Amino acid sequence: VTIDDQTIQRGPQGATHQVAEGDIPTLTTQQGTPVADDQNTYKAGARGPTLLEDFHFREKIFHFDHERIPERVVHARGYGAHGFFELTDSLGDLTTASVLSKVGERVPAFVRFSTVAGNKGSFDLARDVRGFAVKLYTEQGNWDLVGNNIPVFFIQDAIKFPDMVHAVKEEPDRGFPQAQSAHDNFWDFASLSPETVHMLLWIMSDRAIPRSFRFMEGFGVHSFRLIDAQGKSTYVKFHWKPKQGLQSVVWNEALKINGADPDFHRRDLWDAITSGNYPEWELGVQLFDDEFADKFDFDILDATKLIPEEILPIRRIGRLVLDRVVDNFFAETEQVAFCTQNVVPGIGFTNDPLLQGRNFSYLDTQTKRLGGPNFTHIPINAPKCPFHNFQQDGHMAMHNPKGRANYEPNSWGAGPRENPKTGYNANAEQIDGPKTRERGERFADHYSQARQFFISQTQPEQTHIKNAFVFELSKCENPAIRSRVVSHLLNVDETLAKGVAEGLRLEKLPQAAPPARTPITNLPP
Ligand code: HEM
């Protein structure tokens, strides 16, 4: 309804009142009580104090006072859109997941892109990883592929995540800087945790300043599993390949864009979708078995490693199209809750110690962020397939069981029951080992893939990486930390290390860091 000037009435001081009439609905309180005046509180006389009795005023202010919820502890700044996923090549021989078996069927999707380190109000072109979180509302339940635009991660074990995030975010005494890679805490942590080195190379590369969300790749990062009807599993790495191509800006452009339009990426996505220019990604998979995995020097459970596409080409099996913007940013983009443990029958986990920790973390944080255990009832999070269980009560319960039965087994014939035929089964992995905090031997090489990534870059891209190290490290005040970073780079590429040392005017080149173990104990002086 467009409100035209006919509905305007003038109050005594020239105040504008728009009134309900015709198709224009009457404003009500949350209780449905019609509101006669939304401009003036009840007062004891025109110049008297406001009356506590004014329930409409109190309800309005009370609700406003409670508008904010905690922002995400990481990935606070994000932008979401709706779309669909359509399978083009069936994996039905490897998995019971219908979303990966039924060619041609469209599954509704919601995607949220994000930066990691900055607060909700930070700028879009920060040098940072981008989140690429996908929720697919399949007929077997919601499958969340909570990925990033970089195929590897900073750390190998989830127990290091709180330290890593503390070091990445603003320093606790001064409350700055917002830019993750431009301060002592970040470089201190990174240089003392050599497992970060591969990721550091990606973060200093052009991948960390994408031109827009539409021109980014996405990665599930971890090795996951596909599980067939017999319980046999196949390893899988998931990839999103943008049909638009892969594009980044250069640092100089990123800085200008941040100043001129901090909302550059979200505006780009909104404009593209609302003008009918729908962005599209292909879903790719790398499929392999234990025999293949055992051939590598590194462990496929290590999230700081990737499987080179030259060795294991990507099979493209479907497409993701974003064709609808949200109706309401808060209701959808802010309240959406992705979780790595949201999987469907036919998709399973590996023992990647980062993934295992993530499976705990998301549900836990969302219970706080979204105010209790019933955030799955929020429309953006609710499955679009039928769902039934005996969970009840808690804050804002919308789907309590109906009738007498709120448990099973029960004799009332009421309510849902388990289904051994269609229900979720993990693969029957044989697990036997001593209780230990040790990491496997094959988690120890932190440099080879960093080197491979660096030498795979073109000359200008290599220069960008070097310049990024110099720029970001020049914000790091402690010379010992700068040197320590260079000592790792010497194990990656000597020209890069020397170029960074020169750019930083280091007095002398440090010794190369010792071949990595985690945690390292024998740092170079
Ligand atoms: C949020 C990706 C590692 C904890 C997110 C989001 C993405 C993401 C994309 C944003 C979700 C959204 O848009 O709402 C990743 C990737 C990781 C990784 C790809 C490594 C491969 C971890 C680890 C932990 C963790 C190791 C903790 C042990 C969180 C938390 C949130 C989050 C607590 C906020 C969730 C919320 O409030 O809704 N992550 N993450 N992440 N991640 Fe991760």
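The largest nonpolar core of this predicted model has 52 residues, and those with the most contacts inside it are Leu201 and Val492; a nonpolar core is here a set of buried Ala, Val, Leu, Ile, Met, Phe, Trp, Tyr and Cys residues joined through C-beta atoms within 7 Å. The elements that give two or more residues to this core are α2, α3, α4, α9, α10, α11, α12 (479–489) and α13, and the largest share, six residues, comes from α4. Apart from this core lies another, of 51 residues, among them Val107, Phe224, Leu283 and Leu322. Because the model is predicted, local features need pLDDT of at least 70 and side-chain atom pairs count only at pLDDT 80 or more, whereas totals for chains, interfaces and linings use all residues. Residues are numbered from 1 along each chain as its sequence is written.

**The chain as a whole**

- The secondary structure of the chain comes to 13 helices and twelve strands, where helices (H or I, at least four residues) and strands (E, at least two) are DSSP runs numbered from the N terminus.
- Along its principal axes, the C-alpha trace spans about 80 × 65 × 45 Å.
- Buried residues make up 38% of the 525 residues in the chain; a residue is buried if 20 or more other C-beta atoms lie within 10 Å of its own, exposed if 12 or fewer, and partly exposed in between, with C-beta atoms placed from the backbone.
- Among contacts between residues at least 6 apart in sequence, 71% join residues at least 24 apart, two residues being in contact if their C-beta atoms, placed from the backbone, lie within 7 Å.

- Leaving aside its neighbours within four places in sequence, Leu201 is in contact with Ala450, Phe453, Phe454, Ile465 and Val492.
- In helix α10 (residues 448–456), the residues Gln449, Ala450, Phe453 and Phe454 are buried, and they lie on the same side of α10 because they cover an arc of only 140 degrees around the axis, the arc being that of the directions from the helix axis to the C-beta atoms.
- The buried residues of α10 pack against α4 (197–203), α11 (459–473) and α13 (494–503), while the face turned away from the buried side carries the exposed residues Ile455 and Ser456.
- Phe469 is found in helix α11 and counts as buried, with 27 C-beta neighbours inside 10 Å.
- Not counting residues up to four places away in sequence, Phe469 touches Met204 and Val500; the C-alpha atoms of Phe469 and Met204 are separated by 6.3 Å, although these two residues are 265 residues apart along the chain.

**Packing of α2 with α3**

- The axes of helix α2 (residues 161–168) and helix α3 (residues 184–192) come within 7 Å and cross at roughly 145 degrees; axes are lines fitted to C-alpha atoms, for helices over the stretch in contact, and angles run from 0 to 180 degrees between N-to-C directions.
- Asp163, Met164, Ala167 and Val168 in α2 meet Asn185, Phe186, Asp188 and Phe189 in α3.
- By class, this contact of α2 with α3 has five nonpolar, one polar and two charged residues, where Ala, Val, Leu, Ile, Met, Phe, Trp, Tyr, Cys and Pro count as nonpolar, Asp, Glu, Lys and Arg as charged, and the others, Gly among them, as polar.

**The shell around the ligand**

- Of the 28 residues around the ligand, Arg72, His75, Arg112, Gly131 and Ser361 come nearest, a residue being near a molecule or strand if its C-beta atom, placed from the backbone, lies within 6 Å of it.
- The elements that give two or more residues to this shell are β4 (106–115), β5 (130–138), β6 (141–148) and α9 (353–369), and the largest share, eight residues, comes from α9.
- The residues of the shell divide into 14 nonpolar, ten polar and four charged.

**Backbone features to check**

- Most residues other than glycine have a negative phi, and most peptide bonds are trans.
- His75, which lies in the loop between α1 (55–65) and β3 (78–87), has a positive phi of about 60 degrees although it is not a glycine, and His75 counts as buried, with 23 C-beta neighbours inside 10 Å.
- Val221, found in the loop between β7 (218–219) and β8 (224–227), has a positive phi of about 70 degrees and is buried, with 25 other C-beta atoms within 10 Å.
- The peptide bond from Phe176 to Pro177 is cis, with omega near 0 degrees, and Pro177 has its place in the loop between α2 and α3.
- A cis peptide bond also joins Glu408 and Pro409, with omega about 5 degrees, and Pro409 lies in the loop between α9 and α10.
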